[in-house]
There are 2 protein chains.
Amino acid sequence: MKARVTVTLKNGVLDPQGKAIEGALRSLGVEGVASVRQGKVFDVELLPGVDAARAEAALKQACEKLLANTVVENYRVELAP
Amino acid sequence: MKARVTVTLKNGVLDPQGKAIEGALRSLGVEGVASVRQGKVFDVELLPGVDAARAEAALKQACEKLLANTVVENYRVELAP
């Protein structure tokens with residue numbers, strides 16, 4: 001079983017990296033972009049036979065402890081079969 | 001209109017950052033994780049009135065030019081209304 005954890009900055013938190021990408025896209029001539037915000041994605045391969053509900057709980061715990069800074073970041077856990 | 005661009009390492013490319021996260025999760029007592037690979041996500045806000053097909057083409061061009069290193073990374077563009 002696989003899972004994808006997406007960590008993104010909360011609204012209102014400044015994102016200088018996103019701003020830099022926005023500027024770079026504009027100077028490269030990519031049109032139609034209003035704003036960019038950068039986040040992280042973790043593709044997690046789970047051990048076979050792990051129960052989905054338990055795996056989701058474990059991943060949320062992992063986000064709280066390690067993967068996301070919950071002061072400024074949101075996280076989302078998606079399980080794929 | 002919004003779009004999400006996900007950039008992940010190709011299979012077979014070493015991911016020391018992912019390995020470090022894997023080890024850290026194990027030492028934090030998070031169970032059931034076999035492996036972790038880290039990637040990047042870009043949340044792009046598009047200018048209003050931009051045509052979906054054109055926006056997708058522009059974002060693919062952005063990936064090729066700036067957001068992804070296509071030698072070692074795959075990218076995926078998803079448009080959301």
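Me: What is the count of salt bridges between chain A and chain B?

Reply: This is a predicted model, so local features need pLDDT of at least 70 and side-chain atom pairs count only at pLDDT 80 or more, while totals for chains, interfaces and linings use all residues. Residues are numbered from 1 along each chain as written, chains are lettered from A in the order written, and side-chain values use heavy atoms, without hydrogens and water. A salt bridge is a side-chain nitrogen of Lys or Arg within 4 Å of a carboxyl oxygen of Asp or Glu. Between chain A and chain B the count is 1.

Me: Which residue forms a salt bridge with B:Arg54?

Reply: The closest N and O atoms of the pair are 4.0 Å apart. The partner of B:Arg54 is A:Glu31.

Me: Which element gives the largest share of the side of chain A that touches chain B?

Reply: Elements here are DSSP runs, helices (H or I) of at least four residues and strands (E) of at least two. Strand S1 (2-9), helix H1 (16-27), strand S2 (33-46) and helix H2 (52-67) of chain A each give two or more residues to that side. The largest share, 14 residues, comes from S2(A).

Me: In what sense do S2(A) and strand S2 of chain B pair?

Reply: Strands pair if DSSP finds at least two bridges between them. S2(A) and S2(B) have 13 bridges, and one of the bridge partners is B:Gly39, for A:Val41. The sense is antiparallel.
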